[in-house]
Amino acid sequence: MTGALLPPANDPGRPDGQGGAHPLEDRRHMIRRRALTLLIIVLLIGVPAGYLVISANQSRASGKDKEAKYSATGLTEGWPSKLQRRIYQVPVPHPAWWVASYETNNWKTSRLYVEFETSDAGLTAFLTSMGMSEKDLRKDSLPIGDRDRDVTGWTFDGPGTWSGLVHQQKNPAPTHDVVVNHDKPGYPRVYVVARTVP
């Protein structure tokens with residue numbers, strides 16, 4: 001039993017009407033197809049590229065902000081973080097106001113500079129928490145050196161009674177240089193340099 005063979009698929013004379021010849025594409029359809037192709041290419045390439053450019057600019061801006069923050073010298077208004085206070089063992093008392101701090105780090109020594117004003121009770125609490133007392137403060141003693149004064153801009157030549165102490169601890173526990181100005185009775189101003197060797 002033999003059946004009639006169908007012509008090849010690309011033969012325009014196939015009886016099922018499935019000839020391989022395509023009708024010519026009109027100009028409108030061609031322009032629409034090319035525009036759609038172009039739009040897809042733009043979306044696939046242009047949108048991710050745009051995101052990359054935006055992301056790079058944001059990253060660059062963030063890097064500049066960090067660079068400005070870490071290259072700044074001097075104190076910044078505000079309390080040191082809880083982590084900094086714990087690492088450097090600087091228990092800023094309550095109440096305290098006009099608080100400012102600054103941290104420096106290098107491979108050899110890390111330092112936290114803190115300045116604040118408190119009450120007489122706050123000064124007592126601060127010194128007690130370091131295992132010291134007001135009796136340990138020596139009149140006219142200014143243990144914070146020139147290097148640290150240059151970093152912070154501190155000058156200890158104003159009016160008032162100045163006193164200071166050094167709270168020495170074995171590494172890696174921090175050592176504290178403390179200067180207190182009693183210019184305003186009842187409201188001492190405290191300057192602390194806590195340094196630790198990792």
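Residues are numbered from 1 along each chain as its sequence is written, and side-chain values use heavy atoms, with hydrogens and water left out. Because the model is predicted, local features need pLDDT of at least 70 and side-chain atom pairs count only at pLDDT 80 or more, while totals for chains, interfaces and linings use all residues.

Seven strands form an open sheet with antiparallel pairing, in the order 1-2-3-7-6-5-4. Strands and helices here are DSSP runs numbered from the N terminus (E, at least two residues, for strands; H or I, at least four, for helices), and two strands pair if DSSP finds at least two bridges between them. The edges are formed by strand 1 (76-77) and strand 4 (138-139), each of which pairs on one side only.

Strand 4 runs antiparallel to strand 5 (residues 162-167), and two bridges join them; Arg-138 has Gly-164 of strand 5 as its bridge partner. Strand 5 in turn pairs with strand 6 in the antiparallel sense over six bridges, with His-167 opposite His-176 of strand 6. Between strand 6 and strand 7, also antiparallel, there are seven bridges, and Thr-175 is partnered by Arg-195 in strand 7. Strand 7 then meets strand 3 through eight bridges, again antiparallel, and here Val-114 stands opposite Val-192 of strand 7.

Two of these strands are mostly covered. In strand 5, five of six residues are buried, and in strand 7 this holds for seven of eight. Buried means under 20% relative accessible area, with exposed set at over 50% and partly exposed in between (1.4 Å probe, protein chains only).

Helix 3 (residues 120-129) lies across strand 3 (110-118), strand 5, strand 6 (175-181) and strand 7 (189-196), at about 155 degrees to strand 3. The angle is taken between N-to-C directions on a scale from 0 to 180 degrees, using axes fitted to C-alpha atoms, for helices over the stretch in contact.

Thr-118 lies in strand 3 and counts as buried because its relative accessibility is 0%. A polar atom of the Thr-118 side chain lies 2.6 Å from the backbone oxygen of Pro-95. Apart from neighbours within four places in sequence, Thr-118 has contacts (heavy atoms within 4.5 Å) that include Trp-97, Leu-123, Tyr-187 and Val-190. Ser-101, in strand 2 (residues 96-105), counts as buried because its relative accessibility is 10%.

Finally, the nonpolar cores are sets of buried Ala, Val, Leu, Ile, Met, Phe, Trp, Tyr and Cys residues joined through side-chain atoms within 4.5 Å. The largest has 20 residues, and among those with the most contacts inside it are Phe-116, Phe-126, Leu-127 and Val-192. Strand 2, strand 3, helix 3, strand 6 and strand 7 each supply at least two residues of this core. A second, separate core of ten residues includes Val-151, Trp-162, Tyr-191 and Val-193.

Methods: Polar contact = N/O pair within 3.5 Å; in protein donor to acceptor, adjacent residues only side chain to side chain.
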